[in-house]
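Reader: I have not looked at this one before. Can you take me through it?

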Amino acid sequence: MRYSLVADAYERIEATTKRLEMTDYLVELLKKTPKTVIDKVVYLTQGKLYPDFIGIEIGIAEKLAVKAVAKATGRSEEKIEADLKQTGDLGETAQKFLENKQQVTFFPQPLTVERVYETLDKIAKSTGAGSVDQKLNLLAGLLADAEPKEAKYLIRTVTGKLRVGIADMTVLDALAIAYGGGKDLRPLFERAYNVSSDLGRVAKTVVESGPEALKNFSVSLGEPIRPMLAERLSSPKEILEKLGGICIAEYKYDGERVQVHKNGGEVTLFSRRLENITSQYPDAVEIVMESLIPEKVIFEAECVAVDVDTGEMKPFQELMHRRRKYGIQEAAKENPVSLFMFDVLYVDGRDLTLETYPVRHKILQTIAKKHDRIRVANSIIADNPEKLEKFFEEAIENGCEGLICKSIREDSVYQAGARGWLWIKYKRDYKSEMRDTVDLVVVGAFHGRGKRAGTYGALLLAAYNPKKDEYETVCKCGSGFTDEDLANIPKMMSAHQMLHRHPRVESKLEADVWFEPKIVLEIIGAEITLSPIHTCAENVLREGSGLAIRFPRFTGKFRSDKAAEDATTVDEIVEMYRSQLKTIES
Ligand code: ATP
């Protein structure tokens with residue numbers, strides 16, 4: 001097949017603003033494409049050589065592409081660079097220079113799709129010493145034989161700027177029209193794509209064996225399933241109405257979504273965007289190998305960074321340190337992850353995606369052995385708004401973003417690749433920084449683990465309620481302490497240690513160690529939230545709820561100049577919460 005057919009189609013598609021026309025041009029192209037290269041043409045229209053999860057990218061730097069254009073056209077790199085400054089598109093520059101080529105190719109070989117694909121594949125796979133020269137020569141070789149228009153699209157393809165904008169769904173439409181007898185069979189195409197994430201394979205199957213063969217597509221190990229996504233509503237009442245009055249509500253953990261494929265001794269992790277991210281999470285791979293029971297399994301989980309010393313979840317940003325090639329082991333040591341499993345899609349040869357959520361959820365409880373660092377997402381069955389709201393507050397309080405409420409009806413299948421109403425997320429739409437620090441009283445402590453064995457992992461802190469003359473808990477704080485602080489605090493607190501909770505302390509949490517309220521620390525947090533766990537201002541703003549400080553940190557200041565009774569009061573915390581709400585509303 002001549003590559004010029006592909007370039008012509010790109011040109012038309014690029015010029016139109018109408019979606020239907022775009023599909024028509026693509027249909028024309030696919031009809032002209034021989035069976036043998038249909039998958040390759042499909043990948044090329046997406047600017048790729050393989051589906052994303054394979055992880056092979058063409059990726060040529062613009063500087064190298066400039067060199068290739070210079071080499072193929074016999075012009076200096078400076079000239080090419082100068083023109084590029086004006087056009088801003090090396091593809092266009094290449095086209096222009098090829099039209100006025102100074103160097104004649106004696107026996108030009110017209111470009112075929114096969115040759116283009118193979119050459120780009122070699123470029124993509126060339127690594128190590130000498131690879132830069134090899135890439136340059138391969139690309140220049142293609143350009144030397146290319147027509148100007150072909151050169152434009154070749155350059156755009158190799159530099160990752162194809163810009164024709166053909167979405168996955170447009171390719172599926174076009175395939176259904178070209179080979180599937182019209183759009184009626186479209187859902188079949190979509191399902192095949194959603195479970196395989198491989199448009200090229202879908203195309204090849206249809207062209208070689210007809211659309212009926214798509215029915216044989218099922219979930220398979222090593223091919224990521226396109227993720228199911230959630231809609232959003234902002235009140236528990238609406239959520240329950242939408243889900244038929246009852247749902248499974250789960251914590252929405254604030255980490256990175258991973259789709260885990262375990263095939264015997266091999267574990268692969270895919271990101272939400274279906275890239276292979278296994279190398280970023282050696283610790284997660286280890287956890288999976290230690291705990292997962294089935295030989296072959298695909299499940300989804302949220303990967304969350306956890307503080308080694310306190311066991312508390314850290315905000316999502318901590319995982320960003322994993323986005324690099326080197327130092328992953330160090331990052332994994334500093335911020336190891338825990339996995340919270342929230343769905344299971346395949347177990348030992350059985351595709352579960354068409355099972356209802358209650359069935360999948362039940363299986364989910366059985367796939368992992370008891371393990372410190374992996375478990376099923378916290379959940380409840382909720383059938384009234386109050387229960388849902390309470391669970392939501394608890395989730396926020398525990399460092400989560402909110403809830404994902406999941407349908408448990410007959411149709412609650414795993415809707416791969418779709419954002420639908422079977423899952424509804426409930427997050428607060430606002431976030432606001434706490435502007436002021438607060439001074440809180442140490443009323444209890446929790447034993448540390450790991451590096452903090454022998455000292456405290458977190459302190460239980462309280463605000464003062466002068467009306468009742470008692471201390472009401474408002475957070476557990478394990479961050480912001482230096483090694484020196486950690487060594488000193490147990491010594492300092494030992495004078496105030498008690499065998500039980502101090503009578504003036506109101507707490508629903510059971511601390512490991514209790515203290516007489518004496519020591520005051522300065523704390524800064526991210527925000528103040530409603531909380532079912534803490535007793536600060538309980539029932540003041542809402543029946544059954546108190547207030548909590550989220551992500552508290554010790555500022556480093558011991559307020560030894562303050563007595564416990566001088567600590568921040570419960571009323572002040574209520575006021576801070578109210579003004580935070582006002583800021584959000586205004
Ligand atoms: P957001 O930015 O709110 O996470 P999103 O577009 O990435 O949104 P949504 O489908 O809207 O994804 O929300 C679901 C996301 O929440 C999932 O992608 C997953 O990463 C995360 N998540 C955390 N806990 C759960 C859970 N228990 N069930 C499903 N998804 C969960």
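**The domain interface**

Author: This is a predicted model. Domain 1 and domain 2 bury about 1,500 Å² between them, with 49% of that area on carbon and sulfur atoms.

Reader: Where are the two domains in the chain?

Author: Domain 1 covers 229-426 and domain 2 covers 438-585. Their centres, taken over C-alpha atoms, are separated by 30 Å.

Reader: How many residues of each are in contact?

Author: 17 residues of domain 1 touch 21 residues of domain 2.

Reader: And how many salt bridges across the interface?

Author: The rule finds 2 between domain 1 and domain 2. It also finds 8 residue pairs in polar contact across that interface, both residues being at pLDDT 80 or more.

Reader: What classes of residue does domain 1 put on that side?

Author: The side of domain 1 that touches domain 2 has 8 charged, 5 nonpolar and 4 polar residues.

Reader: What does Glu389 form a salt bridge with?

Author: Its partner is Arg542, and the closest N and O atoms of the pair are 2.9 Å apart.

Reader: Changing topic. Which residues of helix 14 are buried?

Author: Helix 14 spans residues 282-291, and its buried residues are Asp283, Ala284, Val285, Ile287, Val288 and Ser291.

Reader: What covers them?

Author: The cover over the buried residues of helix 14 includes strand 3 (256-263), strand 4 (266-270), strand 5 (296-305), strand 6 (337-347) and strand 8 (374-376), along with helix 15 (328-334).

How values were computed: Residues numbered from 1 in each chain as written. Predicted model: local features only at pLDDT ≥ 70, side-chain atom pairs only at ≥ 80, totals over all residues. Heavy atoms only, no water. Domains from an automatic or database assignment. Contact = heavy atoms within 4.5 Å. Buried area = accessible area lost by both parts, 1.4 Å probe. Salt bridge = Lys/Arg side-chain N within 4 Å of Asp/Glu carboxyl O. Polar contact = N/O pair within 3.5 Å; in protein donor to acceptor, adjacent residues only side chain to side chain. Nonpolar A, V, L, I, M, F, W, Y, C, P; charged D, E, K, R; others polar. Buried < 20%, exposed > 50% of the residue type's maximum accessible area, 1.4 Å probe, protein only. Helix = DSSP H or I, 4+ residues; strand = E, 2+ residues; numbered from the N terminus.
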